[in-house]
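Me: Hey, I'm new to this one. Can you walk me through it while I look?

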Amino acid sequence: MSYSPSADAASAPAAEALTLPLTNGFARLGEAFFTRLTPAPLPAPYLVGFSPQAASLLGWSGEVATHPEFANTFAGNRPLPGADPLASVYSGHQFGVWAGQLGDGRAHWLGEAHTRGGDWEIQLKGSGLTPYSRMGDGRAVLRSSIREFLCSEAMHHLGIPTTRALCVVGSDAPVRRETIESAAVVTRLSPSFIRFGHFEHFAACERHDLLGQLADFVIERHYPHCRETANPYQALLAEVSMRTAELMAQWQAVGFCHGVMNTDNMSILGLTIDYGPFGFMDAFNANHICNHSDSQGRYAYRMQPNVAYWNLFCLAQALLPLIGDGQGGVEAAQAALEGYKPGFADEIDLRLRAKLGLREAHPGDEALLNRLFEIMHAGRVDFTLFFRRLAQLRVESPEHDAPLRDMFIDRAAFDAWATDYRARLRREGSDDLSRRAEMNSVNPKYVLRNHLAETAIRKANEKDFSEVATLLRLLEHPFDEQPGMDHYAALPPDWASQLEVSCSS
Ligand code: AMP
Ligand code: MG
């Protein structure tokens with residue numbers, strides 16, 4: 001007879017082991033790509049936020065966070081068995097200007113966990129100085145770490161490709177920014193942390209052998225089908241272009257602004273990466289600038305798709321030595337980039353049409369959308385609330401439009417638009433109930449508005465982490481009506497207009 005555990009042992013779950021099947025494949029690329037180093041100790045760390053869903057990616061249950069060494073481990077104070085921590089070197093264009101060498105200035109890349117769902121690279125961010133810290137202190141503050149943690153998870157649940165976040169640990173260790181703040185470390189997970197800037201680095205120092213090694217590494221792990229094509233590096237560029245186009249359409253469709261779309265913040269997998277001064281738009285403004293440090297508006301909302309394209313040109317330039325020599329190489333690279341514009345146009349059309357609840361594509365749709373965005377812009381109408389409320393519109397009952405039309409200062413402009421929208425809905429025989437369900441599955445009710453994150457941060461500064469947990473749970477179901485949570489979907493309070501987020505993190 002096989003051994004069966006006693007009732008006692010079965011009811012008292014053993015503390016989940018803090019182990020992972022971990023290796024560091026990036027480390028095998030060789031020392032030109034990184035510097036090996038251990039995270040700097042963070043005094044007396046405590047758990048601020050934890051994502052059970054991110055933990056499950058690593059094969060862990062939510063119980064893992066109760067392990068007595070959990071905070072210590074993800075503060076970088078205790079090594080994860082199998083980790084081979086390193087900081088990688090990359091370069092990049094910042095605000096349109098070549099910035100030269102950058103690199104992981106405050107991140108430790110531990111390795112990748114091999115799980116049933118694939119490989120997940122693990123990075124600590126804010127874990128101390130590295131050779132690439134330049135003028136920085138290697139640390140991250142609690143405020144920006146909570147924002148990164150919540151937004152990574154929120155974006156995933158919106159269906160937008162992103163790095164994930166396992167947890168945030170805090171410490172009372174002081175960190176100097178404009179004022180003295182406290183330190184924190186975010187643990188990020190991603191299939192790859194490789195950025196456009198990694199390629200730009202080896203291109204800039206004319207190490208084409210290393211450039212090729214890096215491209216082969218990425219192709220082998222993430223784009224293996226490119227290997228089957230006549231020019232795998234051209235195919236790689238074409239694929240990254242399409243993924244980036246899709247990502248931009250997804251950002252635009254939820255009103256997400258990244259804030260610092262430098263080439264070193266662009267993922268080679270087309271993921272949202274490096275959450276800093278990001279923002280979800282409240283009032284719609286096509287020129288919205290979420291990053292207070294971006295005085296020229298280079299990364300304003302309406303600029304994002306073009307900036308991504310500009311960044312892809314930087315990547316193309318970097319890959320050129322691999323794609324081909326002379327005019328032939330340039331033409332091959334251009335051909336690879338060509339998919340971006342139509343790719344973005346197709347994706348954004350699809351998503352915006354879905355936001356309006358249109359199943360079919362009709363010739364006047366673009367004009368209808370443009371007019372909507374014009375009147376939303378003119379009236380600074382709340383982006384998230386408007387689309388959510390639009391789902392309530394009844395084709396044959398304009399007398400019920402008040403909740404929508406009251407969002408506009410120019411009600412006549414809304415009425416005129418709504419008349420045309422109704423005509424368009426009738427043209428495809430749209431049914432109110434099914435359209436409402438479809439719209440509510442693409443127009444989120446809950447997004448991480450700045451003031452929501454700010455409230456969680458203010459409480460966390462007082463050692464109350466309950467709001468971080470509440471927001472995480474809320475944002476795991478952004479499309480669902482959640483009883484008792486309506487206030488999280490409301491217009492921002494007046495004080496929110498004073499909030500500024502900047503590159504300081
Ligand atoms: P970002 O624009 O925040 O993605 O950062 C640009 C570069 O600055 C990257 O190389 C970062 O690693 C580095 N960096 C940002 N903040 C710090 C910091 N506090 N300490 C060291 N390096 C930093
Ligand atoms: Mg960055």
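Me: Is F313 buried, exposed or partly exposed, and what is its relative accessible area?
Reply: F313 is partly exposed, at 39% relative accessible area. Buried means under 20%, exposed over 50% and partly exposed in between, with a 1.4 Å probe and protein chains only. Bear in mind that this is a predicted model: local features need pLDDT of at least 70, side-chain atom pairs count only at pLDDT 80 or more, and totals for chains, interfaces and linings use all residues. Residues are numbered from 1 along each chain as its sequence is written, chains are lettered from A and ligands numbered from 1 in the order written, and side-chain values use heavy atoms, leaving out hydrogens and water.

Me: Which helix holds F313?
Reply: Helix α8, along with Y309, four residues apart or about one turn of the helix. Helices here are DSSP runs of H or I with at least four residues, numbered from the N terminus.

Me: How many residues of α8 are buried?
Reply: 15 of its 20, so α8 is mostly covered. Y309 is buried, with a relative accessible area of 17%.

Me: Where does α8 bend?
Reply: At Q317, by about 35°, and the proline P321 follows within four residues. The bend is the angle between axes fitted to the seven residues ending at a residue and the seven starting there.

Me: Ok, aromatics. How many aromatic pairs does the structure hold?
Reply: 29. Rings of Phe, Tyr and Trp (its six-membered ring) pair if their centres lie within 6.5 Å; planes under 30 degrees apart count as stacked, over 60 as edge-to-face and the rest as tilted. One of the pairs is W60 with F74, edge-to-face at 6.2 Å centre to centre and 75° between the planes.

Me: Where do W60 and F74 lie?
Reply: W60 is in the loop between α2 (52-57) and α3 (70-74), and F74 is in helix α3, 14 residues apart, so the pair links distant parts of the chain. W60 is buried at 6%, and F74 counts as buried at 1%.

Me: Why is the pair of Y309 and F313 edge-to-face?
Reply: Because their planes are at 85°, with the ring centres 5.0 Å apart.

Me: Are N265 and D274 buried or exposed?
Reply: Both are buried.

Key
Helices (H or I, at least four residues) and strands (E, at least two) are DSSP runs, numbered from the N terminus.
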